[in-house]
Amino acid sequence: MHFSYNKLWKLLIDKGMKKKQLSRLSGVSSASIAKLGKGGNVTTEVLLKICKALDCDISDIMEVKKVSENGIQSGEKYKLIKGDCLLSMRSIPDNSVDLILTDPPYNIGKFMQNRQANLNRMRQNFFVGAGWDNGDYTEWIKNMSLFFKESHRVLKRKELC
């Protein structure tokens, strides 16, 4: 479980107020406002000052969000799933997803290893040296085909992948 301050940011938008204005009005430091922006922990005194400044209740500026053990985090309009996409997508109903955002391996590690420009020496964190993009071509084609098949199944019709 964690605290979400999304309600506070929406309230500021509704009031036409910037974070800097909130800081001045409430007497809360800009560092504490920044912590709230990152979902960090602040004291109850900070929250009370904000509520007084905005003339609101604590439930108007924050809420508790639950995160399940399998990494699924749910919100009002989204669901973030952390895990192996091929395994996770099996549990998703057909035609139920609006968007799939992915950054698959492009399997160019082995190709780049044979190039004359030694990019691995130029940059140590380059993908060629990491090894995660050096898969067997046949295995890569198989996995990407499965990914596209599952993506097509779960995406709502007329949406983009």
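**Charged pairs and helix packing**

Q: Let's start in helix α1: how much of a turn lies between Lys10 and Asp14?
A: About one helical turn, because the two are 4 residues apart in α1, which covers residues 6-15. Helices here are DSSP runs of H or I with at least four residues, strands are runs of E with at least two, and both are numbered from the N terminus.

Q: Before we go on, what sort of model is it, and what goes into the values?
A: It is a predicted model, so local features need pLDDT of at least 70 and side-chain atom pairs count only at pLDDT 80 or more, while totals for chains, interfaces and linings use all residues. Residues are numbered from 1 along each chain as its sequence is written, and side-chain values use heavy atoms, with hydrogens and water left out.

Q: Good. Back to Lys10: what does its side chain do with Asp14?
A: The two form a salt bridge, with the closest N and O atoms 3.1 Å apart. The rule for a salt bridge is a side-chain nitrogen of Lys or Arg within 4 Å of a carboxyl oxygen of Asp or Glu.

Q: And how many salt bridges does that rule give?
A: The count comes to 5.

Q: Are Lys10 and Asp14 buried or exposed?
A: Both are exposed. The cut-offs are under 20% relative accessible area for buried, over 50% for exposed, and partly exposed in between, using a 1.4 Å probe and protein chains only.

Q: Which residue does Lys49 pair with?
A: Glu45, in a salt bridge at 3.8 Å from N to O. Lys49 is partly exposed, because its relative accessibility is 33%. The two partners sit 4 residues apart in helix α4 (residues 44-54), about one turn of the helix.

Q: What about Arg153, what is its salt bridge with Asp94 like?
A: The closest N and O atoms of Arg153 and Asp94 are 2.5 Å apart. This pair ties together distant parts of the chain, 59 residues apart: Arg153 is in helix α9 (residues 137-154) and Asp94 is in the loop between α5 (85-89) and α6 (109-113). Shared partners among the salt bridges also join Asp94, Glu150 and Arg153 into one network.

Q: How accessible are Arg153 and Asp94?
A: Arg153 has a relative accessible area of 22% and so is partly exposed. Asp94, at 48%, is partly exposed as well.

Q: Switching topic: which residues of α1 are buried?
A: Leu8, Trp9, Leu11 and Leu12. Looking down the axis of α1, these buried residues fall within an arc of 160°, so they line one face of the helix. The arc is taken from the directions from the helix axis to the C-beta atoms. On the other side of α1, Lys10, Ile13 and Asp14 are exposed.

Q: What do the buried residues of α1 pack against?
A: They pack against α2 (19-26), α3 (30-37) and α4. Contact here means heavy atoms within 4.5 Å.

Q: How do α2 and α4 sit relative to each other?
A: They pack at an angle of about 95°, with their axes 9 Å apart. The axes are lines fitted to C-alpha atoms, for helices over the stretch in contact, and angles run from 0 to 180 degrees between N-to-C directions. The two helices are therefore roughly perpendicular, a label for angles of 65 to 115 degrees, whereas under 35 is roughly parallel, over 145 roughly antiparallel and the rest oblique.

Q: Which residues meet there?
A: From α2, Leu22, Leu25 and Ser26; from α4, Lys49, Ile50, Ala53 and Leu54. By class, that contact has 5 nonpolar, 1 polar and 1 charged residues. Ala, Val, Leu, Ile, Met, Phe, Trp, Tyr, Cys and Pro count as nonpolar, Asp, Glu, Lys and Arg as charged, and the others, Gly among them, as polar.

Q: Last one: what is the overall layout of the chain?
A: The protein chain has 9 helices and 4 strands. Of its 161 residues, 27% count as buried.
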